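These are my notebook entries from a reading of one structure. I set down what I looked up, topic by topic.

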Amino acid sequence: MKILVLGASGTLGRAFVRALENSANHSLEVLTREDVDFSVYLDSLSAIKEIGPDLVINCVGSVGGVKANLEHPFELVTNNSLTTTNIARVFHYLKIDKYCYFAPACIYPASNEHVATEMDLWQGN
């Protein structure tokens, strides 16, 4: 089985690569943001098609904690939405039906007294 890890240079992607790289039961391929711009559909399609994976672990995403969400909320949401959509389209087009996707997120501290809503991301609350 050929396993492809997308976002292999990120925190989660690196963990998957470490866990999978010494197994003899499969071949492991990786793609990082240095290899392909996942926000460009045709680039994503070309790179994934060339590898021809049987299983894809999608760890692609931009995160940056509370500060980045406050300073760049639009960019984070739109980039993550675009890359997720492009990769899903590639899976559909190539008929890749074995994949795992991890949504990028920022987890806020439990001590926050304000119950957060989706709109708070845009307000900095």
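Entry on the model. I note at the outset that the model is predicted.

Entry on the largest pocket. I looked up the volume of the largest pocket and found about 390 Å³. I then turned to its lining, which comprises 22 residues; Arg-33, Cys-59, Val-60, Gly-61 and Ser-62 are the closest to the centre. I sorted the lining residues by kind and recorded 9 nonpolar, 11 polar and 2 charged.

Entry on Asn-58. I located Asn-58 in strand 3, which covers residues 55-58. Is Asn-58 buried or exposed? I record Asn-58 as buried, because its relative accessibility is 2%, below the 20% limit for that class. Beyond four places in sequence, I listed Leu-6, Ile-87, Cys-100, Tyr-101 and Phe-102 as the contacts of Asn-58.

Entry on Lys-95. I found Lys-95 in the loop that runs between helix 4 and strand 4 (99-101). I checked its backbone and noted a positive phi of about 60°, although Lys-95 is not a glycine. Most residues other than glycine have a negative phi. I class Lys-95 as exposed, because its relative accessible area is 71%, over the 50% limit.

Key: Residues numbered from 1 in each chain as written. Predicted model: local features only at pLDDT ≥ 70, side-chain atom pairs only at ≥ 80, totals over all residues. Heavy atoms only, no water. 1 Å grid on protein atoms, 1.4 Å probe; cavity = no way out; pocket = protein on both sides within 12 Å on 5 of 7 lines; lining within 4 Å. Points joined across faces, edges and corners; volume = space filled by probe spheres on them. Nonpolar A, V, L, I, M, F, W, Y, C, P; charged D, E, K, R; others polar. Helix = DSSP H or I, 4+ residues; strand = E, 2+ residues; numbered from the N terminus. Buried < 20%, exposed > 50% of the residue type's maximum accessible area, 1.4 Å probe, protein only. Contact = heavy atoms within 4.5 Å.
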